[in-house]
Number of protein chains: 2
Amino acid sequence: MSKHSPLTDEALELVARRFAVLAEPMRLRLIQALFDGERNVTELVEATGGTQANISRHLQTLTAAHVLGRRKDGLQVFYRISDPTIPKLCELVCGSLEKSLTRQAAHLGAGEQ
Amino acid sequence: MSKHSPLTDEALELVARRFAVLAEPMRLRLIQALFDGERNVTELVEATGGTQANISRHLQTLTAAHVLGRRKDGLQVFYRISDPTIPKLCELVCGSLEKSLTRQAAHLGAGEQ
DNA sequence: ATTTTGTATGAGCATATACTCATATACTTG
DNA sequence: CAAGTATATGAGTATATGCTCATACAAAAT
């Protein structure tokens, strides 16, 4: 995106859609709960504190976006992170926010702004 | 986010908000237009093909999120990318999408799925 | 076959936000 | 000061999407 030719409208929509999928706290919580490996829906409901219906919908959204993968075993369905760039994306954003917050704290402490 | 302790609800909101800011095609177009350096609003309106009002709003959103920085010079206002992680984020997502698309193309070509 | 357990989904509501039009504000120039 | 130019914003509308309740579906157990 930097030195490459500008993206087409279609590509921009895809990139935006990608970011949109990550733009929900509950979905981030699910991703976080899956960093250590796959879990079934019931476990994810417990880990996140959401309702079963809502978690199921978010899992569908994440799976449709190829962020998560699905494996069915009997009654249970196990989800896992299937896109290796997801952890990197989250780390980048977290790091950036930490910096931004400490900068802000420093400014407040110095009475600036 | 991976080996670190799980994020607080507040932190999750911030991360989600960050992704949300990047989840609009027009804002991505603006970011793209700023990869080569700062530009004023009129230039950005021309580069993106949007209306002045809409571009102004998106610039405000991006600036409030500390993605862009603002510099006023006389009548004009110049915007620039102020968060160095933005290009990396976009590259990560683009790369991931390219892979995903070529995989899909390969599957279609092989008659799989 | 019926019941139980785990997961998905249809329908409806509430909220957020992208967009536009018109107008306001800020600065410059005549 | 008046007029012009660059940017921002209030108000209104349309659309998307997150959430919930109830129920459907699928597989297992009795």
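This is a predicted model: local features need pLDDT of at least 70, side-chain atom pairs count only at pLDDT 80 or more; totals for chains, interfaces and linings use all residues.
Colleague: Why is B:T48 called buried?

Modeller: B:T48 has a relative accessible area of 5%, and the term applies under 20%, so B:T48 counts as buried. The residue lies in helix 3 of chain B, which covers residues 41–48, and, leaving aside neighbours within four places in sequence, B:T48 is in contact with B:M26, B:R29, B:L30 and B:I55.

Colleague: What makes the approach of the B:T48 side chain to the backbone oxygen of B:L44 a polar contact?

Modeller: A polar atom of the B:T48 side chain lies 2.8 Å from that oxygen, and the cut-off for such a pair is 3.5 Å. The side chain of B:T48 also reaches the backbone nitrogen of B:G50, at 3.4 Å.

Colleague: What makes A:R18 and A:D83 a salt bridge?

Modeller: The closest N and O atoms of A:R18 and A:D83 are 2.0 Å apart, and the limit for an arginine nitrogen and an aspartate oxygen is 4 Å, so the pair qualifies as a salt bridge. A:R18 sits in helix 1 of chain A, while A:D83 sits in the loop between strand 3 and helix 5 of chain A, 65 residues apart. Both A:R18 and A:D83 are buried.

Colleague: Why is B:R71 called partly exposed?

Modeller: The relative accessible area of B:R71 is 34%, and the class runs between 20% and 50%, so B:R71 is placed in it. B:E38 also counts as partly exposed, at 34% relative accessibility. B:R71 and B:E38 form a salt bridge in which the closest N and O atoms are 2.5 Å apart; B:R71 is in strand 2 of chain B and B:E38 in the loop between helix 2 and strand 1 of chain B, 33 residues apart.

Colleague: How do you know that strand 2 and strand 3 of chain A are paired?

Modeller: Six bridges join strand 2 of chain A to strand 3 of chain A, whereas pairing needs at least two, so the two strands count as paired. They run antiparallel, and A:R70 stands opposite A:Y79 in strand 3 of chain A.

Colleague: Why does one side of strand 1 and of strand 2 of chain A lack a neighbour in the sheet?

Modeller: The open sheet of three strands has the order 1-3-2 in chain A. Strand 1 and strand 2 of chain A stand at the edges and each has a single partner strand, so one side of each is left without a neighbour.

Colleague: What makes up the contact between chain A and chain B?

Modeller: The contact takes 37 residues from chain A and 37 residues from chain B, and the buried area is about 3600 Å², of which carbon and sulfur atoms give 75%. Zero salt bridges are counted between chain A and chain B, but six residue pairs are in polar contact there. Helix 1, helix 2 and helix 5 of chain A each supply at least two residues of the side of chain A that touches chain B, and the largest share, 12 residues, comes from helix 5 of chain A.

Note on methods:
Residues are numbered from 1 along each chain as its sequence is written. Chains are lettered from A and ligands numbered from 1 in the order in which they are written. Side-chain values use heavy atoms; hydrogens and water are left out. Helices (H or I, at least four residues) and strands (E, at least two) are DSSP runs, numbered from the N terminus. Buried means under 20% relative accessible area, exposed over 50%, partly exposed in between (1.4 Å probe, protein chains only). A polar contact is a pair of N or O atoms within 3.5 Å; within protein, one must be able to donate a hydrogen and the other to accept it, and residues adjacent in sequence count only if both atoms are side-chain atoms. Contact means heavy atoms within 4.5 Å. Buried area is the accessible area (1.4 Å probe) that two parts lose on being put together, summed over both. A salt bridge is a side-chain nitrogen of Lys or Arg within 4 Å of a carboxyl oxygen of Asp or Glu.
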